[in-house]
Every structure is written in C-alpha cells, then in structure tokens.
Amino acid sequence: QWDKSLGLMAKAIDLAERHGATQMLAGFHLNHGIILTKVGRFGEAGATLEKSLRLCRSLGDQIREPKVMLALGRLAFLEGKLVRAEESVLTGKHLAERLRMRRESIIADEYLGDIQLARHDAEKALVNYGIGLEKTRALGQAGDLEAELLRRVAEGQRQAGRAEDAIATAH
C-alpha cells in the first residue's frame, strides 16, 4: 500500500516538473515526505520535506508552510530529536494561528503534548492536549482530532499515575 503511494507520488512529482507546474510541487513533496516518514525512511523524508519548505517559501505558499513545519516536527519527534521537533512544531503552530488554520493549530497542540510526554512530563502534555481538545470542541466537530486527543489524554493520565482517570477518558 505505501509502496504504491510512493510510486504515485514520484509520478506526480515527475509530471509536475515536466509540465512546469511548480505551484503543485510543494504539496507533492509534502505528501511524499509524509509517506516516507510513515514507512520509516527518515533521511529521505527529511530531504523531501526540506525541499517542500524551500518551495513554499520561494513560491510564497503560506498555506502549505505550517503543514510542512508540522511534518518536519513530527519527523524530528520520531527520530528522537525533541528540541528540533519542538522548534518546528512551535513554528508551524505560530504560522497556523496567524493564518487562522484551526486544524493545523490543533495538530500542533497534539504534537507538543507528544513531545512533553516523551520528556516524561505528563502534566505539561495534558495541558497541551487539553488546549487542543478545547479548540476541537469549539469547532463543533467531534471527529478524528478529538478521538486522537482523547487517546493521548488517556495515555498522559496513565503516565501521570492517574489510572482511573485514564480509564474514564478511554470510555
């Protein structure tokens, strides 16, 4: 499944380059980098996401730049580079909030919580997850973001030694 996705993204990038559709390349490289991250090809993912970021900046693609920064932050997190992850996610959050990109802002809160949890600071993680949950609920959309945040809240509560709270959150 991922191999097929990687092949299709490579074809999309090739077609865009051959036909001079440079405005599409930042998005294609972003998606390609996300897929590479998911399959654990971190070195290639980093290079691809950095290329997407350069394209965003050179083309003035402000809408895609926060997404790229969040993807770079997630990649750094998975590589165990928590300081770099935090810097990238905070940059993505700042850009997303400036552009009123609510979904990306919520994802940033989620990722910041993950970083705190990885640092074994469950209380700070729970604060970040809580901020994300408040934003999600303010949108009036109980979807994938809320479900992911609730799962993470339960994990944070468990890590904080609050097993009963974690069980209640999970139900």
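Select Phe28, Leu49, Val68 and Leu72: these touch the most other members of the largest nonpolar core, which has 23 residues. Such a core is a set of buried Ala, Val, Leu, Ile, Met, Phe, Trp, Tyr and Cys residues joined through side-chain atoms within 4.5 Å. Buried means under 20% relative accessible area (1.4 Å probe, protein chains only).

The model is predicted: local features need pLDDT of at least 70, side-chain atom pairs count only at pLDDT 80 or more, and totals for chains, interfaces and linings use all residues. Residues are numbered from 1 along each chain as its sequence is written, and side-chain values use heavy atoms, with hydrogens and water left out.

Helices are DSSP runs (H or I, at least four residues), numbered from the N terminus. H2 gives the largest share, six residues.

Now centre on leucine 72. Leaving aside neighbours within four places in sequence, its contacts (heavy atoms within 4.5 Å) are Gly46, Leu49, Glu50, Leu53 and Ser88. A second, separate core has 21 residues, including Leu70, Ala85, Ile107 and Ala125.

Move to H6 (residues 102-118) and H7 (residues 122-139). Their axes, lines fitted to C-alpha atoms over the stretch in contact, come within 7 Å and cross at roughly 165°. H6 and H7 are therefore roughly antiparallel (over 145 degrees, on a scale from 0 to 180 between N-to-C directions). Show the contact residues, among them Ile106 and Leu117 of H6 and Tyr129 and Leu139 of H7.

Terms used:
Helices (H or I, at least four residues) and strands (E, at least two) are DSSP runs, numbered from the N terminus. Angles under 35 degrees count as roughly parallel, over 145 as roughly antiparallel, 65 to 115 as roughly perpendicular and the rest as oblique. Buried means under 20% relative accessible area, exposed over 50%, partly exposed in between (1.4 Å probe, protein chains only).
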